[in-house]
Protein chains: 2
Amino acid sequence: MLGKPFTFSLDAVDGRARAGTFHTPHGPILTPVFAPVGTQATVKAVTPRDLTDLGATLILANTYHLYLRPGDELIRDLGGLHKFMHWDGPILTDSGGFQVWSLSSINRIDDDGVTFRSHIDGSSHRLTPERSMGIQQNLGADIIMCFDECADPANYDYLKTALMRTHYWASKCRDVWRNTDEQALFGIVQGGVFEDLRTESCRALTELDFPGYAIGGLSVGESKADMARTLEVIDPLLPANKPRYLMGVGTIQDLVEGVARGVDFFDCVLPTRIARHDAALTNFGQINIINAKHARDDSPLDDACSCYTCQHFSRAYLRHMAKSKEILGATLLSIHNLHMLVQLAQDMRTAIFEHRFEDFASQRLSQLGCKPLKETS
Amino acid sequence: MLGKPFTFSLDAVDGRARAGTFHTPHGPILTPVFAPVGTQATVKAVTPRDLTDLGATLILANTYHLYLRPGDELIRDLGGLHKFMHWDGPILTDSGGFQVWSLSSINRIDDDGVTFRSHIDGSSHRLTPERSMGIQQNLGADIIMCFDECADPANYDYLKTALMRTHYWASKCRDVWRNTDEQALFGIVQGGVFEDLRTESCRALTELDFPGYAIGGLSVGESKADMARTLEVIDPLLPANKPRYLMGVGTIQDLVEGVARGVDFFDCVLPTRIARHDAALTNFGQINIINAKHARDDSPLDDACSCYTCQHFSRAYLRHMAKSKEILGATLLSIHNLHMLVQLAQDMRTAIFEHRFEDFASQRLSQLGCKPLKETS
């Protein structure tokens with residue numbers, strides 16, 4: 001399985017759906033893949049060995065959070081993020097852009113970067129493309145992201161301006177990035193749900209020739225149909241021999257619809273976040289374990305699930321954990337929810353190899369009570 | 001290692017210190033042993049597989065808590081506590097007595113039992129010796145405790161009355177207990193720090209001939225010297241061929257001093273409770289990981305420790321978890337703190353076999369900056 005870092009091979013294709021292998025210095029990533037999110041250098045409530053056990057291969061960490069605390073230089077001095085958080089598999093960091101826009105209070109945006117106040121202590125900071133690259137180099141993830149502007153998706157005119165800045169910043173990031181075997185830099189396609197902007201973004205970024213492409217600015221409030229249509233616009237405009245990463249997307253339905261439109265990587269906080277609010281993903285929809293109907297239920301969350309939680313703990317026990325506000329409840333639900341999405345990605349890979357992805361997709365969607373979204377193109 | 005349930009063999013003796021084997025339907029307990037506490041049918045923040053990995057053999061669960069929520073009948077109907085919480089090793093339940101006295105508001109104590117209000121919802125409940133036995137039979141632990149009165153340790157006259165009630169209740173518990181191969185019932189020696197009361201309690205309980213004896217009413221505010229002296233009074237009065245369990249005791253110093261005075265079992269919430277407040281046990285004393293001096297410290301909590309946490313995570317990382325209020329911090333510190341006490345008990349066992357317990361004890365105590373407590377007898 002060892003390959004030259006950051007080469008991507010397409011192992012099988014079924015319609016638009018792709019099964020591939022992306023090689024990194026910390027091992028291969030078999031796609032489609034779902035990446036658990038470790039915001040603060042921990043996938044919340046789950047130990048690294050439980051992550052490995054549930055089948056995770058790639059995990060994500062947040063540049064914005066780690067830059068503010070404990071600091072990227074501290075992590076560099078202690079040997080980098082892999083050693084710091086004890087994760088020997090591939091890691092991806094985002095650029096910090098999205099959190100600057102969503103969490104901090106912004107003082108100034110200009111063509112060189114963003115000045116903002118920390119959501120932790122109000123201290124003033126500045127992120128630029130160069131600074132984001134420097135921080136991500138200190139963190140030392142295998143896959144790093146260009147610094148982009150995440151603008152209001154409904155405002156076409158502003159989005160167009162932000163898009164030009166995002167492309168300008170992508171070229172700056174590319175200049176700072178040392179194209180070594182250590183880190184792969186992905187460009188981020190933006191442009192909301194506007195076909196012309198997405199087309200322009202794909203053109204501008206592919207000209208810069210990145211080892212992979214992220215798709216940003218989706219799953220931010222637009223309709224499922226708009227997301228699907230936008231992915232269909234992007235699919236043929238990105239090179240087939242590079243991985244595509246749909247940022248921040250993590251429901252069963254969205255993973256299936258994304259793979260159906262050529263996406264390879266996904267990440268989302270959803271499975272761990274809802275776990276801390278007593279909710280579990282199942283193949284038949286989301287359930288809240290605190291519901292009284294689970295009080296004496298000896299069955300697992302999902303009969304078909306092979307995770308540690310489903311193999312050993314009943315709904316009744318998980319409900320007792322939730323009612324008692326026990327930490328173990330969050331841990332066991334997180335393990336289950338992450339496994340559901342990690343396993344779904346692996347099952348889609350198998351279906352693609354066996355050229356039955358469309359059947360697989362409709363079956364999984366119909367279990368959830370969803371119809372497959374129609375192709376618009 | 002299979003032996004007839006609830007037989008106790010003394011494998012080695014060194015001074016008063018004992019190494020033994022207590023056989024249970026869920027496997028042998030090698031003593032001295034430290035039992036992690038799983039109050040609500042979970043050792044807080046630790047999965048059962050992490051408990052096994054850190055070396056735990058015996059765990060404790062609280063009758064009072066499980067009776068109130070989710071209910072002992074529910075646990076019985078779902079196959080008992082072992083299956084419910086997925087712990088295949090030995091389990092010990094307390095009688096509910098201590099929590100009735102410390103957590104609930106008591107309405108009435110009489111010679112038949114206690115009427116109290118739940119600390120959860122204020123509902124009214126009554127516990128009697130018979131009821132405590134019934135609940136503990138429903139829970140299905142390997143080792144169960146007599147229902148006792150935990151009276152104000154400073155009030156000699158009241159303590160004497162409470163002690164008579166405790167002995168009366170012990171005989172009632174013994175009558176209800178089916179002396180089967182399924183559950184061992186331990187009597188609880190009470191009497192505060194008063195030699196005559198402890199002597200009377202040992203006499204009354206050994207007459208009832210239990211498979212083991214717990215020592216209650218210590219570590220409730222008395223001095224270390226008083227605890228040591230009381231254990232020295234009790235030691236020769238309990239039969240050598242039955243295990244002795246010092247309830248609620250769990251510091252390094254107390255474990256060493258307890259084994260030096262003939263104690264076999266210990267339990268305490270301390271290691272997991274302090275973990276959730278960012279504190280770690282080390283062989284050189286307790287540290288608070290949030291202290292700034294750990295910020296860039298690449299070393300483990302304890303160089304000599306073989307636990308998962310110390311093998312893979314630095315003090316700097318654990319401090320980051322604590323500063324970020326991440327659940328994983330509580331989990332990793334709990335694993336370490338539990339391992340410290342579980343391993344200490346195992347190391348004492350080895351030292352007893354090698355007839356060097358006294359040296360071992362003074363070395364461990366001097367690392368902590370304590371002198372061994374003098375024998376008073």
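# Why these words?

Analyst: Let's start with one pair: I29(B), in strand 3 of chain B, has F22(B) standing opposite. The model is predicted: local features need pLDDT of at least 70 and side-chain atom pairs count only at pLDDT 80 or more, while totals for chains, interfaces and linings use all residues. Residues are numbered from 1 along each chain as its sequence is written, and chains are lettered from A and ligands numbered from 1 in the order in which they are written.

User: How do you know that strand 2 and strand 3 of chain B pair?

Analyst: Two strands pair if DSSP finds at least two bridges between them. Strand 2 (residues 17–24) and strand 3 of chain B have 5 bridges, in the antiparallel sense, so they pass that test. The names come from DSSP runs numbered from the N terminus (helices are H or I, at least four residues; strands are E, at least two).

User: Why are strand 1 and strand 3 of chain B said to stand at the edges?

Analyst: Their open sheet has 3 strands in the order 1-2-3, with antiparallel pairing. Strand 1 (8–14) and strand 3 (27–31) of chain B each have a single partner strand, so one side of each has no neighbour in the sheet. Neighbouring strands are turned by 10° against each other on average, direction ignored.

User: Which helix of chain B lies across these strands?

Analyst: Helix 14 (residues 327–353) of chain B lies across strand 1, strand 2 and strand 3, at about 115° to strand 2 of chain B. Axes are lines fitted to C-alpha atoms (for helices, over the stretch in contact), and angles run from 0 to 180 degrees between N-to-C directions.

User: Why are helix 13 and helix 14 of chain A called oblique to each other?

Analyst: Angles under 35 degrees count as roughly parallel, over 145 as roughly antiparallel, 65 to 115 as roughly perpendicular, and the rest as oblique. Helix 13 and helix 14 of chain A pack at about 135°, with their axes 7 Å apart. That angle belongs to the rest, so the two helices are oblique. Their crossing is left-handed, a word for a near helix turned anticlockwise from the far one by less than a right angle, with clockwise giving right-handed.

User: Which residues of helix 13 of chain A meet helix 14 of chain A?

Analyst: L318(A), M321(A) and A322(A) in helix 13 meet L328(A), G329(A), L332(A) and L333(A) in helix 14 of chain A. This contact divides into 6 nonpolar, 1 polar and no charged residues. Ala, Val, Leu, Ile, Met, Phe, Trp, Tyr, Cys and Pro count as nonpolar, Asp, Glu, Lys and Arg as charged, and the others, Gly among them, as polar.

User: How many residues does each chain give to the contact of chain A with chain B?

Analyst: Chain A gives 30 residues and chain B gives 30 residues, where residues are in contact if their C-beta atoms, placed from the backbone, lie within 7 Å. On the side of chain A, the largest share, 5 residues, comes from helix 13. That side holds 14 nonpolar, 9 polar and 7 charged residues.

User: What makes L238(B) buried?

Analyst: Buried needs 20 or more other C-beta atoms within 10 Å of a residue's own, exposed is 12 or fewer, and partly exposed is in between. L238(B) has 20, so this residue counts as buried. L238(B) sits in the loop between helix 9 (224–234) and strand 13 (244–246) of chain B. Leaving out residues up to four places away in sequence, L238(B) touches C202(B), T206(B), Y213(B) and R244(B).

User: Why does D209(B) count as exposed?

Analyst: D209(B) has 11 C-beta neighbours inside 10 Å, so it falls on the exposed side. D209(B) lies in the loop between helix 8 and strand 12 of chain B, and its phi is near 55°, a positive value in a residue other than glycine.

User: Is A41(A) buried or exposed?

Analyst: A41(A) is buried, with 26 other C-beta atoms within 10 Å. Its phi is near 70°, again positive in a residue other than glycine. Most residues other than glycine have a negative phi, and most peptide bonds are trans.

User: Which kind of peptide bond joins R69(B) and P70(B)?

Analyst: That bond is cis, with omega about 10°. The bond from T31(B) to P32(B) is cis too, with omega near 0°. P32(B) is in the loop between strand 3 and strand 4 (33–36) of chain B, while P70(B) is in the loop between helix 2 (63–68) and helix 3 (72–77) of chain B.

Technical notes: Contact = placed C-beta atoms within 7 Å.
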